[in-house]
Amino acid sequence: MKAQAAEGDGVLLVEAPYGSGLYCQALALREAVLRQPLGLMLAEEERADDALRRHFCATDQGAVVGSVSLKKLDSGTVQLRQMAVAENRRREGIGARLLARAEDWARGEGYRLIVLNARLGADGFYAAHGYLAQGEPFEENTIPHVRMTKRLA
Ligand SMILES: CC(C)(COP(=O)(O)OP(=O)(O)OC[C@H]1O[C@@H](n2cnc3c(N)ncnc32)[C@H](O)[C@@H]1OP(=O)(O)O)[C@@H](O)C(=O)NCCC(=O)NCCS
């Protein structure tokens, strides 16, 4: 069994400002984890939209091993996007830490609701962290997704 990622294990959670070296590494990870397996590439509009989002990543020895982005939808609502953990680093708790970091940031900014489109298969991950599925599954990037939401305390 793999060890859970925790403070002191070398995995750091940091912001990856748009355009920074960390952001570029995170972009490569997103492409490798979220698009290449589907035979897709990150769309130009997705990259352009990145300038409007906040990006956080998990690093180990300076290498990005996980990434997540957040986009403001309205004054109380933020959308969580592009959650990805490197294939060889899953089930170590890195995803959970990225989610907690994203939620802490959102809470601190005064957002009251997080929304996301979860891939079917990853919905169990979000459900385990308090996200509720809303409505019927729909197709996005060629695969089924379900909308999920979480109210921030
Ligand atoms: C989904 C993903 C981000 C989870 O990251 P991770 O680092 O492996 O997750 P963690 O190790 O923090 O797991 C946290 C918990 O969720 C559970 N979990 C993780 N992936 C899960 C899944 N796909 N389905 C159900 N539960 C899952 C784990 O068992 C763990 O629970 P536990 O603490 O009770 O053991 C990662 O699997 C991933 O990058 N997948 C490919 C890309 C993807 O699908 N991204 C989501 C797009 S919406």
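Before you start: residues count from 1 along each chain as its sequence is written, and side-chain values use heavy atoms, leaving out hydrogens and water. As this is a predicted model, local features need pLDDT of at least 70 and side-chain atom pairs count only at pLDDT 80 or more, while totals for chains, interfaces and linings use all residues.

View 1. The ligand sits in the largest pocket. On a 1 Å grid over the protein atoms alone, a pocket is an open set of points where a 1.4 Å probe fits, with protein on both sides within 12 Å along at least five of seven lines; "sits in" says that more than half of the molecule's atoms lie within 2 Å of the grid points. Helices α1 (21–35), α3 (94–108) and α4 (123–127), plus strands β4 (77–85) and β5 (113–119), each give two or more residues to the shell. Helices (H or I, at least four residues) and strands (E, at least two) are DSSP runs, numbered from the N terminus. Of the 21 residues around the ligand, those coming nearest are V85, R91, G93, G95 and A96; to be counted here, a residue needs a heavy atom within 4 Å. By type, the shell has 11 nonpolar, six polar and four charged residues, with Gly counted as polar.

View 2. Which atom of V85 lies 2.8 Å from an oxygen atom of the ligand? A backbone N or O does. A96 also brings a backbone N or O atom, 2.7 Å from a ligand oxygen. For G121, a backbone N or O atom is 2.8 Å from a ligand nitrogen. Taken alone, the ligand exposes 900 Å², and the protein buries 73% of that; these areas come from the Shrake-Rupley method with a 1.4 Å probe.

**View 3. D49 and its partner.** D49 belongs to helix α2 (residues 44–49). Its side chain and that of K71 are joined by a polar contact of 3.0 Å (a pair of N or O atoms within 3.5 Å, one able to donate a hydrogen and the other to accept it). With a relative accessible area of 15%, D49 is buried (buried is under 20%, exposed over 50%, partly exposed in between).

**View 4. Two loop residues with positive phi.** Most residues other than glycine have a negative phi. Q61, not a glycine, has a positive phi of about 55°. Q61 lies in the loop between β2 (53–60) and β3 (63–74) and is exposed, at 76% relative accessibility. T142 isn't a glycine either, and its phi is positive at about 75°. T142 is in the loop between β6 (132–140) and β7 (143–151) and is partly exposed, at 47%.

Note on methods:
On a 1 Å grid over the protein atoms alone, a cavity is a set of points where a 1.4 Å probe fits but cannot get out, and a pocket is an open set with protein on both sides within 12 Å along at least five of seven lines; lining residues have an atom within 4 Å of a point. Buried means under 20% relative accessible area, exposed over 50%, partly exposed in between (1.4 Å probe, protein chains only).
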